[in-house]
Amino acid sequence: MNTNLNHIAKFKTFSKTENLESIRSFVFENSTNFGFNEYKAEELVLAVDEACTNLIKHAYKYNAEDSIIVEINSNENIFIVNIIDFSPSFDPRFVEDPDMKEYRDEYKKGGLGIFIMKSLVDSVDYQITNNGRIKNILTLTKQLS
Amino acid sequence: MNDNLKINSVLKQDITCFYLAGQLDAHSAPLLEKEIENVITSNNKLVFNLSNLDYISSAGLGVFMSFIQDIRENNGDIRFAELNEKVKNVMDLLGFNHIYDITDTEQEAIDKYSN
């Protein structure tokens with residue numbers, strides 16, 4: 001699948017909630033340039049925000065010296081976002097979807113970011129490399145229809 | 001800090017109307033949490049006018065979820081009005097329309113408290 005991979009853009013920032021806004025702008029600009037309408041671009045923006053929010057809160061535990069890299073590639077009409085971090089690994093694919101009825105009935109708070117993320121993109125993939133330093137790559141894809 | 005969200009509140013009869021403008025995300029959520037904490041010590045009938053809210057993520061929605069049970073147990077409520085389409089889409093995705101009263105206008109939300 002990676003034979004025609006085109007690199008589009010890369011954004012590196014520190015793991016702080018105040019940087020979420022610039023991550024969102026970066027994703028919005030690149031996804032609309034790619035051809036997504038505003039509605040679809042906003043879905044991508046929210047999915048990436050949820051992934052990065054999880055990283056900042058849970059993987060990096062608000063340590064503002066850690067870094068997040070958002071890298072955008074494409075393969076024909078598929079828009080590919082890699083979210084790269086260097087925290088101890090956590091694979092969101094295996095987080096079970098929350099029971100939405102239970103959540104509504106019991107007023108549960110939180111844990112919904114991954115559900116939102118998975119709902120808004122076509123696929124969520126995750127890989128870890130470890131060459132002396134752990135590197136996690138969360139890949140979100142969305143097809144331009 | 002937290003300059004991506006502006007919060008104003010106005011007391012209308014015995015109902016506190018919040019006006020949120022900007023972006024409610026993991027960065028601004030703690031600010032809103034504090035504002036709500038301050039208000040509910042004296043008043044727990046709340047209306048959130050979201051006409052100028054451009055963006056919401058699960059961190060923002062989590063703020064409302066963390067207060068709603070206590071507020072309802074004390075005969076109050078959280079109601080939403082005047083959502084733009086973007087915010088409405090996210091709320092629908094999480095079934096907020098099944099948990100909360102969401103109205104087209106702020107006045108309708110206020111009126112429902114007297115019914």
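In which loop of chain A is Ser15(A) found? Ser15(A) is found in the loop between β1 (5-14) and α1 of chain A, where helices (H or I, at least four residues) and strands (E, at least two) are DSSP runs, numbered from the N terminus. This is a predicted model, in which local features need pLDDT of at least 70 and side-chain atom pairs count only at pLDDT 80 or more, while totals for chains, interfaces and linings use all residues. Residues are numbered from 1 along each chain as its sequence is written, chains are lettered from A and ligands numbered from 1 in the order in which they are written, and side-chain values use heavy atoms, with hydrogens and water left out.

Ser15(A) is buried, with a relative accessible area of 1%; buried means under 20% relative accessible area, exposed means over 50%, and partly exposed lies in between (1.4 Å probe, protein chains only). Leaving aside neighbours within four places in sequence, Ser15(A) is in contact with several residues, including Ile56(A), Tyr60(A) and Ile68(A), where contact means heavy atoms within 4.5 Å.

Turning to chain A as a whole, there are 4 helices and 5 strands, and read along the sequence they follow the pattern β-α-α-β-β-α-α-β-β. Of the 145 residues of chain A, 48% count as buried. Among contacts in chain A between residues at least 6 apart in sequence, 63% join residues at least 24 apart.

Two helix pairs can be followed through α2(A). The axes of helix α1 (residues 20-34) of chain A and α2(A) come within 9 Å and cross at roughly 145 degrees; axes are lines fitted to C-alpha atoms, for helices over the stretch in contact, and angles run from 0 to 180 degrees between N-to-C directions. α1(A) passes α2(A) in a right-handed crossing, and among the residues that make the contact are Phe28(A) of α1(A) and Ile56(A) of α2(A). A crossing is left-handed if the near helix is turned anticlockwise from the far one by less than a right angle, and right-handed if clockwise.

The axes of α2(A) (residues 38-59) and α4(A) (residues 113-120) come within 8 Å and also cross at roughly 145 degrees, but α2(A) passes α4(A) in a left-handed crossing. Residues on both sides make this contact, including Leu46(A) of α2(A) and Met117(A) of α4(A).

Most residues other than glycine have a negative phi. Lys61(A) is exposed, with a relative accessible area of 62%. In chain B, phi of Glu82(B) is near 60 degrees, a positive value in a residue other than glycine; Glu82(B) lies in the loop between β4 (77-81) and α3 (85-93) of chain B and is partly exposed, with a relative accessible area of 27%.

Finally, the largest nonpolar core has 70 residues, of which Leu20(B), Phe48(B) and Phe64(B) touch the most other members; a nonpolar core is a set of buried Ala, Val, Leu, Ile, Met, Phe, Trp, Tyr and Cys residues joined through side-chain atoms within 4.5 Å. α2(A) gives the most to this core, with 11 residues. Leaving aside neighbours within four places in sequence, Phe64(B) is in contact with residues including Leu20(B), Phe48(B) and Tyr100(B).
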